[in-house]
Amino acid sequence: MSQNLIQNTLSFVKEKLEGAEAGHDWFHIERVWKLSQKIAAAETCNLEVVELSALLHDIADPKFHDGDETLALKISREFLESQNVSDDIIEQVLFIIKNISFKNRGEIPDVLPIELQIVQDADRIDAIGAIGIARTFNYGGFKNNLMYHPDIHPKLNMTKEEYKKSNGTTINHFYEKLLLLKDLMNTGTGKKLAEERHDFMLNFLEQFDREWNVD
């Protein structure tokens, strides 16, 4: 694996995401990259594909680009081609970027390459626990969503289009997505890392409920 390629990708992503919303900025990418390496250490995989995919997976998150799911693929392809990456590696990376998202889970193949399993787990782990809570409230504030409303209930089993258009409360997002992620982990390491973070969120929600109701 070329360290120059990884360093060039790091620099490219940092520059591209400068000024991004704090839950989907360079530091999110860095955490997912490190988590991917941690998970990959216990798996037999192509580490170059894993690292490149982790670094590029949110280069143009559709929710910040009018729902355009092709832009990240276009930017990633152009960058990787500029680095003379082989067509085979490029196609593997683009496949991961296209299929990593929670909202696309109903559209992906039943059997996933181990590299996608690893990066998907890493991305989902960064969406839960203390970091996940912080990111969720940051994004809720960015969207000017309510933190919580006792009369607005979570919408479970939303279609992809309903999920994309949802402007529910931040607390509802825990029930609509975050609390589901533990049981969607692919790898043994991912499942282990998710357990503690999942429990932390449950404790947070219990405390939030007590404080909201002045209990």
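**View 1. Helix α3 and its buried residues.** In α3, the residues E48, V49, V50, E51, L52, S53, A54, L55 and L56 are buried. The model shown in this and every other view is a predicted one. Since nine of the ten residues of α3 are buried, this helix is largely enclosed by the rest of the structure. Its buried residues pack against α1, α2 (26-40), α4, α5 (87-99) and α6 (114-125). Between the C-alpha atoms of L47 and S36, which are eleven residues apart along the chain, the separation is 9.1 Å. At the start of α3, a side-chain oxygen of N46 comes to within 3.1 Å of the backbone nitrogen of E48.

**View 2. Packing of helix α1 on helix α3.** Helix α1 spans residues 3-16 and helix α3 residues 47-56; the two pack with their axes 10 Å apart, at an angle of about 10 degrees. This angle makes α1 roughly parallel to α3, because angles under 35 degrees fall in that class. On the α1 side, the contact is made by L5, I6, T9, L10, F12 and V13, and on the α3 side by E48, E51, L52, L55 and L56. By class, the residues of this contact are eight nonpolar, one polar and two charged. Two of the contributors from α3, L55 and L56, are also among the buried residues of that helix. As a general point, an α-helix has 3.6 residues a turn, so residues three or four places apart point the same way.

View 3. S76 lies in helix α4, which covers residues 71-82. With a relative accessible area of 0%, S76 is buried. Its side chain reaches the backbone oxygen of A72 at a distance of 2.8 Å. Leaving aside residues up to four places away in sequence, S76 touches L56, I59, L94 and I97.

**View 4. Crossing of helices α2 and α10.** The axes of α2 and α10 come within 9 Å and cross at roughly 125 degrees. At this angle α2 is oblique to α10. The contact involves L35, K38 and I39 of α2, together with T189, G190, L193 and R197 of α10. Three nonpolar, two polar and two charged residues make up the contact of α2 with α10.

**View 5. Crossing of helices α7 and α10.** The axes of α7 and α10 come within 8 Å, with a crossing angle of roughly 55 degrees. The two helices are therefore oblique to each other. From α7, the contact draws on G129, A130, I133 and F137; from α10, it draws on R197, F200, M201, F204 and F208. These residues divide into seven nonpolar, one polar and one charged. R197 of α10 also takes part in the contact with α2.

View 6. With ring centres required to lie within 6.5 Å, the count comes to nine aromatic pairs. The ring centres of F137 and F174 are 6.2 Å apart and the planes are at 50 degrees, so this pair is tilted. Because F137 lies in helix α7 (residues 129-142) and F174 in helix α9 (residues 170-176), the pair ties together parts that are 37 residues apart in sequence. F174 counts as buried, at 0% relative accessibility. For Y148 and W212, the ring centres are 4.8 Å apart and the planes stand at 90 degrees, so the pair is edge-to-face. Y148 lies in the loop between α7 and α8 (160-165) and W212 in helix α10 (residues 188-212), so this pair ties together parts that are 64 residues apart in sequence. Y148 counts as partly exposed at 23% relative accessibility, and W212 likewise counts as partly exposed, at 37%. Ring pairs link F137, Y148, F174, F204, F208 and W212 into a cluster. Among the members of this cluster, F137, F204 and F208 also belong to the contact between α7 and α10.

Terms used
Residues numbered from 1 in each chain as written. Predicted model: local features only at pLDDT ≥ 70, side-chain atom pairs only at ≥ 80, totals over all residues. Heavy atoms only, no water. Phe/Tyr/Trp six-rings, centres within 6.5 Å; stacked < 30°, edge-to-face > 60°. Helix = DSSP H or I, 4+ residues; strand = E, 2+ residues; numbered from the N terminus. Buried < 20%, exposed > 50% of the residue type's maximum accessible area, 1.4 Å probe, protein only. Axes fitted to C-alpha atoms, helices over the stretch in contact; angles between N-to-C directions. Parallel < 35°, antiparallel > 145°, perpendicular 65-115°, else oblique. Contact = heavy atoms within 4.5 Å. Nonpolar A, V, L, I, M, F, W, Y, C, P; charged D, E, K, R; others polar. Polar contact = N/O pair within 3.5 Å; in protein donor to acceptor, adjacent residues only side chain to side chain.
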